[in-house]
Amino acid sequence: MDSQQHLFSDPDISFLAQAKLQARVLVPVLRAIRERIGREEADKLVADALRDWSREQFEQVASASQDTKLGHWQTIWGDVFKKIDEGFEMEVLQEDDATQDFNVTHCPYADYFQALDEPELGALLLCEQDVHLADSVGSDAVEFNRSQTIMGGAKFCDFRIRLHNKAPKSDKA
């Protein structure tokens, strides 16, 4: 995988459009699996598969990166913000070289997946990506915390990000 290519790098498709395409395939498959093996087991099976896939994607990109770990985070995080859809609202609490604290107060992704009655799938496809990106970079470069999401039923998503400017270069695979 090219180090410049990742889940968020296609500028021609927004997150919501990407998620809708994924949902068109995954929702009927998930519902069919639920019918066969039950909701709890089906949801666990799909969640585990999607988490493994996402982590693998970010780990491949991180291992191919020639940038510092923090630079890798900033490149992908920058791509994320280029793809945010209209209707997305956030309140910036603090933003400087070491801190990015903000609350998302309206999320069109949550609106969409809640309307489908599949917020857990939305969380896997969208919300958890932030965590997997941070994990692929490493806590020596970025500390990512979010205790709640709109997708999970909260009134807002609380993003708390600490950037460590002395983080080492990405490890090569």
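## The contact of helix 1 with helix 2

In this predicted model, Q22, L26, L30, I33, R34 and I37 of helix 1 are in contact with R39, E41, A42, D43, L45, V46, L50 and W53 of helix 2. Sorted by kind, the residues of this contact comprise nine that are nonpolar, one that is polar and four that are charged.

For helix 1, which covers residues 15-37, and helix 2, which covers residues 39-64, the packing angle is about 140 degrees and the axes lie 7 Å apart. Because an angle counts as roughly antiparallel when it is over 145 degrees, helix 1 and helix 2 are classed as oblique to each other. The crossing that helix 1 and helix 2 make is right-handed.

## The protein as a whole

The protein contains five helices and four strands, and its elements, read from the N terminus, follow the order α-α-α-β-β-α-α-β-β. Overall values computed for the protein are collected below.

| Property | Value |
|---|---|
| Share of buried residues among the 173 residues | 45% |
| Share joining residues at least 24 apart, among contacts between residues at least 6 apart in sequence | 66% |
| Accessible surface | about 9,500 Å² |
| Share of the accessible surface belonging to carbon and sulfur atoms | 49% |

Notes
Residues numbered from 1 in each chain as written. Predicted model: local features only at pLDDT ≥ 70, side-chain atom pairs only at ≥ 80, totals over all residues. Heavy atoms only, no water. Axes fitted to C-alpha atoms, helices over the stretch in contact; angles between N-to-C directions. Helix = DSSP H or I, 4+ residues; strand = E, 2+ residues; numbered from the N terminus. Parallel < 35°, antiparallel > 145°, perpendicular 65-115°, else oblique. Left-handed = near helix turned anticlockwise from the far one by under 90°. Contact = heavy atoms within 4.5 Å. Nonpolar A, V, L, I, M, F, W, Y, C, P; charged D, E, K, R; others polar. Buried < 20%, exposed > 50% of the residue type's maximum accessible area, 1.4 Å probe, protein only. Areas by Shrake-Rupley, 256 points an atom, 1.4 Å probe, with all protein chains shown as cover.
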